[in-house]
Amino acid sequence: MADQLLLAPMRTERPEIAFRVRLDGVIYGMRLAYMRRHVDIPGTWILDLLSSTGAPIVLGIRVVEGIDLLQPYRSRAVPPGILRCVDTLGNDTDPLRQGLRGAQRLVYRPIGDIPIDDRDTSYITGGLGPW
């Protein structure tokens with residue numbers, strides 16, 4: 001199985017997006033909003049991860065290119081795979097306002113496609129890593 005594309009290029013100019021998606025067999029809600037200023041960072045996308053009923057799981061994740069956006073929040077409530085923003089032009093840049101509608105893509109790699117040795121299981125063992 002390949003990475004799952006979560007956002008296709010969009011034609012809207014709205015600075016927020018809300019959608020539901022199935023990740024590793026579980027339905028989640030996602031909300032993305034473009035913030036002109038977030039803390040001391042000018043112009044960035046912020047992701048909220050919600051349960052299927054809309055209850056907050058993690059709020060305020062800054063969308064940056066090339067890292068697992070969920071790793072710092074790993075718990076049983078968070079999808080077990082890898083969620084990342086990918087720059088399809090190879091420029092390794094964080095998405096600007098039009099970014100998630102253009103060159104950058106939000107993709108998810110299911111847990112079954114991650115080699116066992118590369119899986120983050122610290123949330124199960126209390127931060128001690130695999131037994």
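A nonpolar core is a set of buried Ala, Val, Leu, Ile, Met, Phe, Trp, Tyr and Cys residues joined through side-chain atoms within 4.5 Å. With that in hand, welcome to this predicted model, whose largest nonpolar core has 23 residues. The chain holds seven strands and zero helices. Below is a short tour, from the overall build to single residues.

**Overall build**

- Read from the N terminus on, the elements run β-β-β-β-β-β-β.
- The chain has 131 residues, and 37% of them are buried.
- Its accessible surface comes to about 7600 Å², with 55% of that area belonging to carbon and sulfur atoms.
- Among the contacts with a separation of 6 or more, 40% are made by residues 24 or more positions apart.

**The largest nonpolar core**

- Four of the 23 core residues touch the most other members: L6, M30, L32 and L83.
- Strands β2 (16-23), β3, β4, β5 (56-62), β6 and β7 each supply at least two residues of this core.
- As general background, nonpolar side chains tend to be buried together in soluble globular proteins.

**The three-stranded sheet**

- Three strands form an open sheet in the order β1-β7-β6, with antiparallel pairing.
- Strands β1 (4-5) and β6 (82-87) each have a single partner strand and stand at the edges, so one side of each lacks a neighbour in the sheet.
- On one side of the sheet order, β1 and β7 pair in the antiparallel sense over two bridges, and Q4 stands opposite Y108 in β7.
- Six bridges join β6 to β7 (residues 104-109), and these two strands also run antiparallel.
- Strand β7 is mostly covered, with five of its six residues buried.

**The aromatic pair**

- The structure holds one aromatic pair. The ring centres of Y34 and W45 lie 5.5 Å apart with the planes at 70 degrees, and because an angle over 60 degrees counts as edge-to-face, this pair is classed that way.
- Y34 belongs to strand β3 (residues 26-38) and W45 to strand β4 (residues 41-50), so the pair links distant parts of the chain, 11 residues apart.
- Both partners are covered: Y34 is buried, and W45 is buried too.

**Salt bridges**

- A search of the whole structure finds two salt bridges.
- One joins the side chains of R31 and D48, at 3.2 Å from N to O. This pair links distant parts of the chain, with R31 in strand β3 and D48 in strand β4, 17 residues apart.
- What is the relative accessible area of R31? The value is 38%, so R31 counts as partly exposed.
- D48, in contrast, has a relative accessible area of 15%; that is under the 20% cut-off, so D48 is buried.
- The other salt bridge is between R74 and D68, whose closest N and O atoms are 2.7 Å apart. Here R74 is buried, and so is D68.

**Two residues worth a look**

- D24 has a positive phi of about 50 degrees although it is not a glycine. For context, most residues other than glycine have a negative phi.
- D24 sits in the loop between β2 and β3, and its relative accessible area of 31% makes it partly exposed.
- I114 is found in the segment after β7. Is I114 buried or exposed? With a relative accessible area of 6%, I114 is buried.
- I114 and I82 are 32 residues apart in sequence, while their C-alpha atoms are 8.4 Å apart in space.

Notes:
Residues are numbered from 1 along each chain as its sequence is written. This is a predicted model: local features need pLDDT of at least 70, side-chain atom pairs count only at pLDDT 80 or more; totals for chains, interfaces and linings use all residues. Side-chain values use heavy atoms; hydrogens and water are left out. Rings of Phe, Tyr and Trp (its six-membered ring) pair if their centres lie within 6.5 Å; planes under 30 degrees apart count as stacked, over 60 as edge-to-face and the rest as tilted. Helices (H or I, at least four residues) and strands (E, at least two) are DSSP runs, numbered from the N terminus. Buried means under 20% relative accessible area, exposed over 50%, partly exposed in between (1.4 Å probe, protein chains only). Two strands pair if DSSP finds at least two bridges between them. A salt bridge is a side-chain nitrogen of Lys or Arg within 4 Å of a carboxyl oxygen of Asp or Glu. Contact means heavy atoms within 4.5 Å. Accessible areas come from the Shrake-Rupley method with a 1.4 Å probe; for residues, only the protein chains shown count as cover.
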